[in-house]
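Have the sequence and the 3D view ready.

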Amino acid sequence: MTTETLTAPPHAAPGSARLIGATIVGLIAWFAVYWQLEPFSKWAVAQLPIAPGSHLEEAASFFIFDTPKVLMLLALVVFAMGMVRSFFSPERTRSFLAGKREGVGNVAAASLGIFTPFCSCSAVPLFVGFVSAGVPLGVTFSFLIASPMINEVALGLLLALVGWKVALTYLVFGLLVSIVAGWTIGRLHLEHWLEQWVLDVRSGSTDLPREHLTIADRIQAGIEAVRDIFGRVWVWIIVGIAAGAFIHGYVPAEMLAGIMGENHWWSVPAAVLVGIPIYSNAAGIIPVVEALLGKGAALGTALAFMMAVTALSAPEMIILRKVLTARLIAVFIGVVAAGIIAVGFLFNALFT
Amino acid sequence: MKNIKILGPGCKRCVATADMVQSQADRLGVPVTIEKVTDYAAIAGYGIVSTPGVVIDDKVVHAGGLPKSEDVAKWLAA
(Lines give C-alpha, C1' and ligand atoms only; values in the text may rest on other atoms or scores of the structure.)
Protein backbone atom coordinates (compact mmCIF):
# COMPACT_ATOMS: atom_id res chain seq x y z
CA MET A 1 0.00 0.00 0.00
CA THR A 2 1.65 3.22 -1.09
CA THR A 3 0.89 6.60 0.36
CA GLU A 4 -0.30 7.69 -3.05
CA THR A 5 -3.34 5.47 -2.93
CA LEU A 6 -4.15 6.70 0.55
CA THR A 7 -3.95 10.38 -0.07
CA ALA A 8 -5.16 10.57 -3.64
CA PRO A 9 -4.59 14.16 -4.79
CA PRO A 10 -7.31 16.71 -4.07
CA HIS A 11 -10.04 15.68 -6.39
CA ALA A 12 -11.24 18.74 -8.26
CA ALA A 13 -14.65 17.18 -8.52
CA PRO A 14 -17.38 19.22 -10.19
CA GLY A 15 -19.17 18.91 -6.83
CA SER A 16 -16.69 21.30 -5.14
CA ALA A 17 -17.81 24.38 -7.02
CA ARG A 18 -21.42 23.55 -6.30
CA LEU A 19 -20.65 23.04 -2.60
CA ILE A 20 -18.84 26.38 -2.35
CA GLY A 21 -21.73 28.08 -4.14
CA ALA A 22 -24.28 26.44 -1.86
CA THR A 23 -22.27 27.55 1.18
CA ILE A 24 -22.33 31.17 0.06
CA VAL A 25 -26.07 31.03 -0.60
CA GLY A 26 -26.54 29.37 2.79
CA LEU A 27 -24.61 32.14 4.56
CA ILE A 28 -26.67 34.85 2.87
CA ALA A 29 -29.88 33.05 3.86
CA TRP A 30 -28.56 32.77 7.41
CA PHE A 31 -28.11 36.52 7.75
CA ALA A 32 -31.46 37.22 6.10
CA VAL A 33 -33.27 35.01 8.61
CA TYR A 34 -31.21 36.24 11.57
CA TRP A 35 -32.14 39.90 11.06
CA GLN A 36 -35.84 38.95 11.08
CA LEU A 37 -35.66 37.03 14.36
CA GLU A 38 -36.46 39.84 16.74
CA PRO A 39 -39.58 41.13 14.95
CA PHE A 40 -40.69 37.55 14.40
CA SER A 41 -40.30 36.56 18.06
CA LYS A 42 -42.18 39.69 19.20
CA TRP A 43 -44.99 38.82 16.84
CA ALA A 44 -45.01 35.19 18.02
CA VAL A 45 -45.16 36.18 21.70
CA ALA A 46 -48.01 38.60 20.97
CA GLN A 47 -50.00 35.71 19.49
CA LEU A 48 -49.79 33.77 22.76
CA PRO A 49 -52.70 34.08 25.19
CA ILE A 50 -50.52 35.62 27.90
CA ALA A 51 -51.05 38.90 29.71
CA PRO A 52 -48.48 41.44 28.50
CA GLY A 53 -45.98 42.45 31.20
CA SER A 54 -46.54 39.32 33.29
CA HIS A 55 -43.75 37.06 34.54
CA LEU A 56 -44.84 34.40 32.10
CA GLU A 57 -44.68 36.82 29.20
CA GLU A 58 -41.13 37.84 30.08
CA ALA A 59 -40.04 34.23 30.39
CA ALA A 60 -41.78 33.28 27.14
CA SER A 61 -40.28 36.10 25.12
CA PHE A 62 -36.79 35.28 26.43
CA PHE A 63 -37.32 31.66 25.42
CA ILE A 64 -38.89 32.33 22.03
CA PHE A 65 -36.29 34.90 21.04
CA ASP A 66 -33.24 33.17 22.52
CA THR A 67 -33.82 29.64 21.27
CA PRO A 68 -33.60 30.33 17.53
CA LYS A 69 -30.99 33.02 18.13
CA VAL A 70 -28.66 30.77 20.11
CA LEU A 71 -29.17 27.81 17.78
CA MET A 72 -28.46 29.90 14.70
CA LEU A 73 -25.40 31.55 16.20
CA LEU A 74 -24.13 28.21 17.38
CA ALA A 75 -24.54 26.75 13.90
CA LEU A 76 -22.58 29.62 12.34
CA VAL A 77 -19.78 29.56 14.91
CA VAL A 78 -19.45 25.78 14.86
CA PHE A 79 -19.39 25.76 11.08
CA ALA A 80 -16.61 28.34 10.92
CA MET A 81 -14.62 26.62 13.66
CA GLY A 82 -15.14 23.22 12.04
CA MET A 83 -13.34 24.62 9.01
CA VAL A 84 -10.56 26.14 11.16
CA ARG A 85 -10.20 22.96 13.15
CA SER A 86 -9.58 20.90 10.04
CA PHE A 87 -6.08 22.42 10.20
CA PHE A 88 -5.48 20.96 13.67
CA SER A 89 -5.52 17.47 15.10
CA PRO A 90 -4.75 16.09 18.56
CA GLU A 91 -1.95 14.01 17.03
CA ARG A 92 -0.28 17.06 15.55
CA THR A 93 -0.78 19.04 18.76
CA ARG A 94 0.90 16.27 20.69
CA SER A 95 3.97 16.07 18.50
CA PHE A 96 4.24 19.84 18.77
CA LEU A 97 4.04 19.74 22.58
CA ALA A 98 6.25 16.71 23.19
CA GLY A 99 9.51 17.78 24.77
CA LYS A 100 8.43 21.40 25.20
CA ARG A 101 9.72 22.95 28.39
CA GLU A 102 7.23 23.77 31.11
CA GLY A 103 6.19 27.38 31.01
CA VAL A 104 6.38 27.77 27.24
CA GLY A 105 4.72 24.38 26.99
CA ASN A 106 1.86 25.43 29.28
CA VAL A 107 1.17 28.52 27.20
CA ALA A 108 1.27 26.55 23.96
CA ALA A 109 -0.91 23.77 25.36
CA ALA A 110 -3.59 26.14 26.64
CA SER A 111 -3.68 28.03 23.34
CA LEU A 112 -3.84 24.86 21.27
CA GLY A 113 -6.62 23.69 23.57
CA ILE A 114 -8.85 26.33 22.00
CA PHE A 115 -8.48 24.93 18.50
CA THR A 116 -7.79 21.24 18.85
CA PRO A 117 -10.92 19.16 18.36
CA PHE A 118 -11.50 17.17 21.50
CA CYS A 119 -14.45 15.32 22.90
CA SER A 120 -14.71 14.16 26.48
CA CYS A 121 -14.99 10.51 25.42
CA SER A 122 -11.44 10.94 24.09
CA ALA A 123 -10.14 12.37 27.37
CA VAL A 124 -8.43 9.18 28.53
CA PRO A 125 -6.70 8.20 25.27
CA LEU A 126 -5.67 11.80 24.91
CA PHE A 127 -4.24 12.01 28.40
CA VAL A 128 -2.37 8.72 28.09
CA GLY A 129 -1.20 9.56 24.59
CA PHE A 130 0.17 12.94 25.67
CA VAL A 131 1.92 11.73 28.81
CA SER A 132 3.42 8.62 27.22
CA ALA A 133 4.81 10.67 24.33
CA GLY A 134 6.78 12.84 26.72
CA VAL A 135 4.45 15.82 27.07
CA PRO A 136 5.08 16.99 30.67
CA LEU A 137 2.21 16.30 33.10
CA GLY A 138 1.59 19.98 33.87
CA VAL A 139 1.50 20.83 30.16
CA THR A 140 -1.01 18.03 29.58
CA PHE A 141 -3.18 19.48 32.33
CA SER A 142 -3.04 22.95 30.79
CA PHE A 143 -4.48 21.43 27.63
CA LEU A 144 -7.06 19.41 29.52
CA ILE A 145 -8.30 22.47 31.43
CA ALA A 146 -8.35 24.86 28.48
CA SER A 147 -9.96 22.57 25.94
CA PRO A 148 -13.47 22.26 27.39
CA MET A 149 -13.45 25.71 29.02
CA ILE A 150 -12.35 27.97 26.19
CA ASN A 151 -13.65 26.81 22.88
CA GLU A 152 -15.39 28.10 19.83
CA VAL A 153 -18.84 27.50 21.24
CA ALA A 154 -18.11 29.40 24.46
CA LEU A 155 -16.38 32.33 22.80
CA GLY A 156 -18.80 32.62 19.89
CA LEU A 157 -21.88 32.63 22.09
CA LEU A 158 -20.40 35.00 24.66
CA LEU A 159 -19.45 37.34 21.86
CA ALA A 160 -22.94 37.29 20.40
CA LEU A 161 -25.03 37.29 23.57
CA VAL A 162 -23.04 39.21 26.15
CA GLY A 163 -20.62 41.31 24.12
CA TRP A 164 -17.03 41.30 22.94
CA LYS A 165 -15.56 42.74 26.14
CA VAL A 166 -16.84 39.86 28.22
CA ALA A 167 -15.82 37.32 25.54
CA LEU A 168 -12.30 38.74 25.41
CA THR A 169 -11.88 38.82 29.19
CA TYR A 170 -13.21 35.28 29.39
CA LEU A 171 -10.63 34.22 26.79
CA VAL A 172 -7.72 35.95 28.51
CA PHE A 173 -8.57 34.83 32.03
CA GLY A 174 -9.51 31.31 30.90
CA LEU A 175 -6.09 30.98 29.31
CA LEU A 176 -4.49 32.39 32.44
CA VAL A 177 -6.24 29.86 34.69
CA SER A 178 -5.27 26.96 32.38
CA ILE A 179 -1.65 28.06 32.16
CA VAL A 180 -1.13 28.80 35.85
CA ALA A 181 -3.06 25.75 37.11
CA GLY A 182 -1.20 23.41 34.71
CA TRP A 183 2.14 24.97 35.63
CA THR A 184 1.38 24.61 39.35
CA ILE A 185 0.48 20.95 38.98
CA GLY A 186 3.71 20.45 37.01
CA ARG A 187 5.76 22.10 39.78
CA LEU A 188 4.26 19.75 42.37
CA HIS A 189 5.87 16.77 40.55
CA LEU A 190 2.97 14.39 41.01
CA GLU A 191 3.87 11.94 38.24
CA HIS A 192 3.90 9.12 40.81
CA TRP A 193 0.23 9.88 41.54
CA LEU A 194 -0.79 8.69 38.11
CA GLU A 195 -2.24 5.21 37.90
CA GLN A 196 0.65 2.77 37.47
CA TRP A 197 -0.44 1.43 34.09
CA VAL A 198 -0.29 4.89 32.58
CA LEU A 199 3.41 5.12 33.45
CA ASP A 200 4.05 1.75 31.81
CA VAL A 201 2.54 2.63 28.46
CA ARG A 202 5.11 3.13 25.79
CA SER A 203 3.53 5.11 23.07
CA GLY A 204 4.00 3.78 19.59
CA SER A 205 4.72 6.23 16.86
CA THR A 206 2.47 6.63 13.92
CA ASP A 207 2.77 8.72 10.88
CA LEU A 208 -0.76 9.12 9.78
CA PRO A 209 -0.97 9.72 6.07
CA ARG A 210 -1.00 13.46 5.57
CA GLU A 211 -4.33 14.58 4.38
CA HIS A 212 -4.62 16.99 1.53
CA LEU A 213 -7.79 18.90 2.08
CA THR A 214 -9.42 21.13 -0.48
CA ILE A 215 -11.68 24.04 0.38
CA ALA A 216 -14.63 21.80 -0.37
CA ASP A 217 -13.27 19.25 2.11
CA ARG A 218 -12.97 21.93 4.78
CA ILE A 219 -16.54 23.11 4.11
CA GLN A 220 -17.53 19.49 4.46
CA ALA A 221 -15.66 19.38 7.78
CA GLY A 222 -17.61 22.45 8.91
CA ILE A 223 -20.92 20.83 8.00
CA GLU A 224 -19.89 17.62 9.78
CA ALA A 225 -19.01 19.66 12.87
CA VAL A 226 -22.42 21.35 12.89
CA ARG A 227 -24.20 18.03 12.54
CA ASP A 228 -22.06 16.43 15.22
CA ILE A 229 -22.19 19.22 17.81
CA PHE A 230 -25.88 19.83 17.27
CA GLY A 231 -26.60 16.16 17.73
CA ARG A 232 -24.84 16.26 21.08
CA VAL A 233 -25.70 19.63 22.57
CA TRP A 234 -29.11 20.76 21.40
CA VAL A 235 -30.82 19.34 24.46
CA TRP A 236 -28.40 21.18 26.75
CA ILE A 237 -29.06 24.40 24.93
CA ILE A 238 -32.81 24.13 25.25
CA VAL A 239 -32.49 23.27 28.95
CA GLY A 240 -30.05 26.17 29.39
CA ILE A 241 -32.35 28.63 27.66
CA ALA A 242 -35.33 27.38 29.65
CA ALA A 243 -33.35 27.92 32.88
CA GLY A 244 -32.35 31.35 31.61
CA ALA A 245 -35.97 32.13 30.75
CA PHE A 246 -37.08 31.10 34.23
CA ILE A 247 -34.46 33.33 35.85
CA HIS A 248 -35.36 36.14 33.49
CA GLY A 249 -39.08 35.99 34.16
CA TYR A 250 -39.43 34.84 37.75
CA VAL A 251 -36.34 35.37 39.88
CA PRO A 252 -36.58 38.82 41.46
CA ALA A 253 -33.62 41.00 40.54
CA GLU A 254 -33.11 42.09 44.17
CA MET A 255 -32.79 38.51 45.32
CA LEU A 256 -30.23 37.57 42.69
CA ALA A 257 -28.25 40.75 43.06
CA GLY A 258 -28.30 40.08 46.79
CA ILE A 259 -26.78 36.61 46.35
CA MET A 260 -24.58 37.08 43.30
CA GLY A 261 -23.97 40.81 43.52
CA GLU A 262 -20.74 42.46 44.51
CA ASN A 263 -21.44 42.93 48.19
CA HIS A 264 -20.61 39.49 49.48
CA TRP A 265 -17.11 38.10 49.49
CA TRP A 266 -18.49 34.57 49.63
CA SER A 267 -20.55 34.76 46.45
CA VAL A 268 -17.60 33.87 44.18
CA PRO A 269 -16.50 30.72 46.06
CA ALA A 270 -20.16 29.73 46.45
CA ALA A 271 -20.77 30.07 42.69
CA VAL A 272 -17.67 27.95 41.98
CA LEU A 273 -18.66 25.26 44.48
CA VAL A 274 -22.12 25.04 42.96
CA GLY A 275 -20.65 24.99 39.45
CA ILE A 276 -18.07 22.21 39.90
CA PRO A 277 -20.32 19.14 39.93
CA ILE A 278 -22.73 20.52 37.32
CA TYR A 279 -22.09 19.21 33.87
CA SER A 280 -23.11 21.29 30.95
CA ASN A 281 -21.15 22.44 28.01
CA ALA A 282 -20.63 26.09 27.25
CA ALA A 283 -23.66 26.28 24.96
CA GLY A 284 -26.03 25.29 27.75
CA ILE A 285 -24.58 27.56 30.40
CA ILE A 286 -24.29 30.81 28.45
CA PRO A 287 -28.03 31.57 28.27
CA VAL A 288 -28.05 31.14 32.06
CA VAL A 289 -25.10 33.52 32.42
CA GLU A 290 -26.82 36.00 30.12
CA ALA A 291 -29.93 35.94 32.31
CA LEU A 292 -27.91 36.17 35.55
CA LEU A 293 -26.03 39.22 34.27
CA GLY A 294 -29.32 40.79 33.22
CA LYS A 295 -30.56 40.42 36.80
CA GLY A 296 -27.59 42.23 38.26
CA ALA A 297 -25.21 39.38 39.08
CA ALA A 298 -21.62 40.61 39.32
CA LEU A 299 -19.60 39.84 36.19
CA GLY A 300 -16.77 38.09 38.03
CA THR A 301 -19.20 35.88 39.91
CA ALA A 302 -21.10 34.93 36.75
CA LEU A 303 -17.92 34.17 34.79
CA ALA A 304 -16.45 32.16 37.68
CA PHE A 305 -19.67 30.14 37.72
CA MET A 306 -19.40 29.50 33.99
CA MET A 307 -15.72 28.50 34.20
CA ALA A 308 -16.42 26.08 37.04
CA VAL A 309 -19.28 24.47 35.12
CA THR A 310 -17.33 24.01 31.89
CA ALA A 311 -13.82 23.23 33.18
CA LEU A 312 -14.73 20.83 35.99
CA SER A 313 -17.55 18.34 36.05
CA ALA A 314 -18.46 15.15 37.86
CA PRO A 315 -18.66 12.95 34.71
CA GLU A 316 -15.23 14.12 33.53
CA MET A 317 -13.71 13.28 36.91
CA ILE A 318 -15.20 9.79 36.76
CA ILE A 319 -13.63 9.27 33.34
CA LEU A 320 -10.29 10.66 34.48
CA ARG A 321 -10.30 8.41 37.53
CA LYS A 322 -9.11 5.66 35.15
CA VAL A 323 -5.78 7.41 34.74
CA LEU A 324 -5.43 9.60 37.83
CA THR A 325 -5.40 8.53 41.44
CA ALA A 326 -8.08 10.10 43.65
CA ARG A 327 -5.40 12.26 45.29
CA LEU A 328 -4.32 13.69 41.95
CA ILE A 329 -7.92 14.39 41.00
CA ALA A 330 -8.36 16.25 44.30
CA VAL A 331 -5.27 18.36 43.56
CA PHE A 332 -6.53 19.02 40.02
CA ILE A 333 -9.93 20.20 41.27
CA GLY A 334 -8.36 22.22 44.08
CA VAL A 335 -5.86 24.05 41.88
CA VAL A 336 -8.33 24.83 39.11
CA ALA A 337 -11.05 25.94 41.56
CA ALA A 338 -8.57 28.21 43.35
CA GLY A 339 -7.59 29.75 40.00
CA ILE A 340 -11.20 30.36 39.02
CA ILE A 341 -12.05 31.90 42.40
CA ALA A 342 -9.04 34.22 42.06
CA VAL A 343 -10.28 35.30 38.62
CA GLY A 344 -13.76 35.95 40.02
CA PHE A 345 -12.43 38.15 42.82
CA LEU A 346 -10.09 40.00 40.49
CA PHE A 347 -12.93 40.72 38.12
CA ASN A 348 -15.32 41.94 40.75
CA ALA A 349 -12.55 44.15 42.13
CA LEU A 350 -11.65 45.55 38.72
CA PHE A 351 -15.14 46.21 37.40
CA THR A 352 -17.19 47.71 40.15
CA MET B 1 -7.98 -11.39 4.43
CA LYS B 2 -7.46 -7.96 5.92
CA ASN B 3 -7.14 -7.65 9.65
CA ILE B 4 -8.85 -4.51 10.86
CA LYS B 5 -8.75 -3.09 14.36
CA ILE B 6 -11.07 -0.38 15.58
CA LEU B 7 -9.44 1.51 18.46
CA GLY B 8 -11.78 3.12 20.95
CA PRO B 9 -13.25 2.76 24.40
CA GLY B 10 -16.63 1.73 23.00
CA CYS B 11 -18.23 5.10 22.51
CA LYS B 12 -21.04 5.54 20.01
CA ARG B 13 -18.74 6.66 17.23
CA CYS B 14 -16.42 3.70 17.65
CA VAL B 15 -19.34 1.35 17.10
CA ALA B 16 -20.50 3.41 14.12
CA THR B 17 -16.99 3.24 12.63
CA ALA B 18 -16.86 -0.53 13.00
CA ASP B 19 -20.27 -0.87 11.34
CA MET B 20 -19.21 1.40 8.51
CA VAL B 21 -16.01 -0.55 7.83
CA GLN B 22 -17.95 -3.81 7.87
CA SER B 23 -20.61 -2.59 5.47
CA GLN B 24 -18.04 -1.11 3.09
CA ALA B 25 -16.11 -4.39 3.15
CA ASP B 26 -19.30 -6.30 2.37
CA ARG B 27 -20.11 -3.93 -0.44
CA LEU B 28 -16.67 -4.27 -2.00
CA GLY B 29 -16.47 -7.99 -1.33
CA VAL B 30 -13.23 -7.64 0.63
CA PRO B 31 -12.84 -10.35 3.26
CA VAL B 32 -12.01 -8.77 6.64
CA THR B 33 -11.80 -9.60 10.30
CA ILE B 34 -12.82 -6.73 12.53
CA GLU B 35 -11.53 -6.55 16.06
CA LYS B 36 -12.42 -3.90 18.60
CA VAL B 37 -9.56 -2.72 20.80
CA THR B 38 -10.95 -1.10 23.93
CA ASP B 39 -7.98 -1.30 26.28
CA TYR B 40 -6.58 2.20 26.80
CA ALA B 41 -2.99 1.03 27.13
CA ALA B 42 -3.27 -0.89 23.85
CA ILE B 43 -4.86 2.09 22.12
CA ALA B 44 -2.07 4.38 23.28
CA GLY B 45 0.43 1.79 22.07
CA TYR B 46 -0.66 2.56 18.52
CA GLY B 47 0.36 6.15 19.03
CA ILE B 48 -3.03 7.77 18.53
CA VAL B 49 -4.58 10.33 20.86
CA SER B 50 -8.07 10.64 19.51
CA THR B 51 -10.59 7.92 18.98
CA PRO B 52 -11.96 6.10 17.12
CA GLY B 53 -8.81 4.93 15.36
CA VAL B 54 -8.65 2.50 12.46
CA VAL B 55 -5.76 0.07 12.00
CA ILE B 56 -5.54 -2.05 8.87
CA ASP B 57 -2.98 -4.85 8.87
CA ASP B 58 -1.12 -3.15 11.74
CA LYS B 59 -0.93 0.21 10.03
CA VAL B 60 -2.80 3.16 11.53
CA VAL B 61 -4.82 4.81 8.79
CA HIS B 62 -7.17 7.03 10.76
CA ALA B 63 -7.59 8.71 14.13
CA GLY B 64 -10.35 10.89 15.54
CA GLY B 65 -13.95 11.07 14.44
CA LEU B 66 -15.93 9.08 11.94
CA PRO B 67 -13.94 8.33 8.82
CA LYS B 68 -15.44 9.22 5.46
CA SER B 69 -16.94 6.28 3.66
CA GLU B 70 -14.93 7.02 0.48
CA ASP B 71 -11.76 6.87 2.56
CA VAL B 72 -12.80 3.56 4.06
CA ALA B 73 -13.37 2.19 0.57
CA LYS B 74 -9.94 3.47 -0.48
CA TRP B 75 -8.23 1.76 2.47
CA LEU B 76 -10.01 -1.49 1.78
CA ALA B 77 -9.21 -1.40 -1.91
CA ALA B 78 -5.54 -0.65 -1.34
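## A strand pair in chain B

In S2(B), B:Glu35 is the bridge partner of B:Lys5. Strand S1 (residues 2-7) of chain B and strand S2 (residues 32-37) of chain B run parallel and are joined by six bridges. (Strands pair if DSSP finds at least two bridges between them; strands, E, at least two residues, and helices, H or I, at least four, are DSSP runs numbered from the N terminus.)

## How to read the model

This is a predicted model: local features need pLDDT of at least 70 and side-chain atom pairs count only at pLDDT 80 or more, while totals for chains, interfaces and linings use all residues. Residues are numbered from 1 along each chain as its sequence is written, with chains lettered from A and ligands numbered from 1 in the order in which they are written.

## One side of a helix

Which residues of helix H4 (residues 90-97) of chain A are buried? They are A:Pro90, A:Glu91, A:Thr93, A:Arg94 and A:Leu97 (buried: 20 or more other C-beta atoms within 10 Å of the residue's own, placed from the backbone). They sit on the same side of H4(A) because they cover an arc of only 160° around the axis, taken from the directions from the helix axis to the C-beta atoms.

After H4(A) comes A:Gly99, with a positive phi near 80°.

Key. Buried ≥ 20, exposed ≤ 12 C-beta atoms within 10 Å, placed from the backbone.
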